[in-house]
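Let's take a friendly walk through a protein model together. Keep the sequence and the 3D view side by side as you read.

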Amino acid sequence: HTMLRVGDLDKSIDLKNKEMHKGVLEDYGVYALSFVTSFLKGFPEEIVFQVCRSQDNVDTNWNVQMTNKGITGVINLSSNISTESKAIVVCENGSITWKTQFNRSDVIDIRNSSGKLIDSFFYPYTFEGFEYQVEEVANCIMNKTIESNMIPLNDSIVVAKLLRLLLKQS
């Protein structure tokens with residue numbers, strides 16, 4: 001086994017090297033894709049997207065709409081914190097909206113098919129990063145399970161294929 005200590009990291013990493021900065025989709029966009037595809041229950045039948053790039057050709061903003069079996073999920077991602085970044089899942093009975101910044105949203109609105117607010121839920125945002133994933137891994141280990149029920153392997157494969165497709169088509 002090789003142990004890497006923080007002090008061992010290469011201090012000569014060039015932060016201006018464009019090859020090292022892949023953009024917003026490959027950074028935290030994978031979480032947004034995973035979030036929406038979990039509602040779609042599989043690979044989308046239809047994908048419509050828009051991407052904006054910086055002058056250095058790095059993707060900075062994405063709007064992705066995915067549909068599968070009558071359910072549509074929409075995500076807005078941006079590297080600009082002041083840009084709206086929300087998620088919406090829509091079906092024939094209504095919609096669920098996670099407010100900006102959806103990945104840190106503590107308010108979820110449920111609307112009927114006419115757009116009328118049915119309920120609004122408040123969930124305190126407990127962690128600041130990977131703690132949710134660490135907590136899930138710890139739960140799997142404690143329960144002696146080899147796969148998460150929350151994000152099973154097949155869901156991860158769907159997200160990887162979707163990410164590859166979006167990057168190739170953009």
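**A walk from the surface inward**

Y31, F130 and V134 together make a nonpolar surface patch of about 340 Å². Patches here are built from residues with over 30% relative accessible area and no salt bridge, with like charges joined within 9 Å and nonpolar side chains (Val, Leu, Ile, Met, Phe, Trp, Tyr) joined within 5 Å. A salt bridge, in turn, is a side-chain nitrogen of Lys or Arg within 4 Å of a carboxyl oxygen of Asp or Glu. Areas are computed by the Shrake-Rupley method with a 1.4 Å probe, and for residues only the protein chains shown count as cover.

A word on what you are looking at: this is a predicted model, in which local features need pLDDT of at least 70 and side-chain atom pairs count only at pLDDT 80 or more, while totals for chains, interfaces and linings use all residues. Residues are numbered from 1 along each chain as its sequence is written, and side-chain values use heavy atoms, leaving out hydrogens and water.

F130 sits in the loop between β7 (117-122) and α2 (131-142). Helices (H or I, at least four residues) and strands (E, at least two) are DSSP runs numbered from the N terminus. Why is F130 called exposed? Its relative accessible area is 55%, and exposed means over 50%, buried under 20%, and partly exposed in between (1.4 Å probe, protein chains only).

Now step back to the whole chain. It holds three helices and seven strands, in the order α-β-β-β-β-β-β-β-α-α along the sequence. Of its 170 residues, 27% count as buried. The chain exposes about 11,900 Å², with carbon and sulfur atoms supplying 56% of that area.

Next, look inside. A nonpolar core is a set of buried Ala, Val, Leu, Ile, Met, Phe, Trp, Tyr and Cys residues joined through side-chain atoms within 4.5 Å. The largest one has 19 residues, of which L25, L33, W62, M66, I75 and L166 touch the most other members. At least two residues of this core come from each of α1 (24-40), β2 (59-68), β3 (71-78), β4 (87-91) and α3 (153-169). The largest share, six residues, is supplied by α1.

Two polar residues are worth a visit. D109, in strand β6 (residues 107-112), is buried because its relative accessible area is 5%. Its side chain makes a polar contact of 2.6 Å with the side chain of S120. A polar contact is a pair of N or O atoms within 3.5 Å; within protein, one must be able to donate a hydrogen and the other to accept it, and residues adjacent in sequence count only if both atoms are side-chain atoms.

R53 belongs to strand β1 (residues 46-53) and counts as partly exposed because its relative accessibility is 32%. Where do its contacts (heavy atoms within 4.5 Å) lie? Leaving aside neighbours within four places in sequence, R53 contacts V58, D59, T60 and S170.

N57 itself is in the loop between β1 and β2, and its phi is positive, near 70 degrees, though N57 is not a glycine. K41, in the loop between α1 and β1, also is a non-glycine residue with a positive phi, of about 60 degrees.

Conventions: Contact means heavy atoms within 4.5 Å.
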